[in-house]
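Student: Could you walk me through this structure? I have not looked at it before.

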Amino acid sequence: MKPAPFAYHAPDQLDEVLALLGDQDHEVRLLAGGQSLVPMMNFRLAAPEVLVDLRRVESLRQLRHSGDGTLAIGAGVRQSALLREPVVTDGWPLLSEGARHIGHPQVRSRGTVCGSLAHHDPTAELPALAVALDARMVLASASGTRERSADEFFVSYYTVALEPGEMLLEVRFPRCPAAAGWSFKEVARRRGDFALVGVAALVEAGDDGTVSRARLVFCGVAERPFRALDAEQAVVSGASFEEAGRLVSEAVRPMGSIHASAEYRRECAGELAARALSEAWERATGG
Ligand SMILES: Cc1cc2nc3c(=O)[nH]c(=O)nc-3n(C[C@H](O)[C@H](O)[C@H](O)COP(=O)(O)OP(=O)(O)OC[C@H]3O[C@@H](n4cnc5c(N)ncnc54)[C@H](O)[C@@H]3O)c2cc1C
């Protein structure tokens, strides 16, 4: 199918993007990588009157590593940069590993990091990774910028805390604790498909050789990234990774679909949690 008619702008300055986005008389959408929006327009699931292409705004294509160790990823940075840039592969290996599960190379070379976060498909990897890594979201409109934590940003299916006229300008990842072990595990029907269930895990070892901190965040099991707080706490209190997995299976309430029942997803979530914790622990302890 063909999309409904729309006006197209490709400004090269951020000010112009924000001015166009602030037009309250028309439905305006940003076009980033187009990997979700263009199919939606072709199927007429979306029919924006105005498209504002971010491609020509050079300032948005920056991936900056600041002095305090923060990694800032602008709205024009492609997902493929997460697998390619040494600053990411060395400093945020969990982010690289998770991004490897996004679609195929063709999708990642067009799709943007911020586009995936703003689109917020609940099975997408990047929103779960953003919550796991305590990312900060920088939101911009013609009247200024504000920041939200990743946890506040993701509201529900395809809904984020952006106000009309606002865009996700960049996402900032704080320095990843050097001693943290990490793992990303996912079940999908075929390689490159959206996840049925995925999990990002981070584990730190204390001086006494026990788990001092654990983080488990899932995609595909809820309307937004799901943090398994009970399982995290249990692991810190000495529970086995298998026990933590059982707690996860009890806690999650995924929806079923033609591809996988809710029960199957619950089972997967528990099993992936145990495996991810185990791998992260090995990396944390060099075991
Ligand atoms: C075959 C295929 C397989 C895929 N598999 C996966 C997968 O396994 N996992 C996965 O996570 N994704 C997958 N995707 C989706 C892909 O990751 C998209 O790139 C992503 O969802 C959207 O990013 P984009 O840059 O293409 O955004 P676009 O498609 O351009 O935009 C998506 C939406 O976000 C809005 N938007 C974009 N950027 C911003 C911004 N900076 N601020 C505010 N709003 C913004 C747009 O207006 C639009 O509403 C797949 C896509 C395809 C085509």
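**Around the ligand**

Tutor: By class, the shell around the ligand holds 15 nonpolar, 10 polar and 3 charged residues, where Ala, Val, Leu, Ile, Met, Phe, Trp, Tyr, Cys and Pro count as nonpolar, Asp, Glu, Lys and Arg as charged, and the others, Gly among them, as polar. This is a predicted model, in which local features need pLDDT of at least 70 and side-chain atom pairs count only at pLDDT 80 or more, while totals for chains, interfaces and linings use all residues. Residues are numbered from 1 along each chain as its sequence is written.

Student: Which residues are the closest to the ligand?

Tutor: Of the 28 residues that surround the ligand, the closest are Gly33, Gly103, Gly111, Gly115 and Ala124; a residue is near a molecule if its C-beta atom, placed from the backbone, lies within 6 Å of it.

Student: And which element gives the largest share of that shell?

Tutor: That is α7, with 5 residues, helices being DSSP runs of H or I with at least four residues and strands runs of E with at least two, numbered from the N terminus.

Student: Why does the shell lie between two domains?

Tutor: Domain 1 (7-53) and domain 2 (58-173) both give residues to the shell, so it lies between them; the bounds come from an automatic or database domain assignment.

Student: Changing topic, at what angle do α11 and α12 pack?

Tutor: Helix α11 (residues 241-251) and helix α12 (residues 262-285) pack at about 150 degrees, with their axes 7 Å apart; axes are lines fitted to C-alpha atoms over the stretch in contact, and angles run from 0 to 180 degrees between N-to-C directions.
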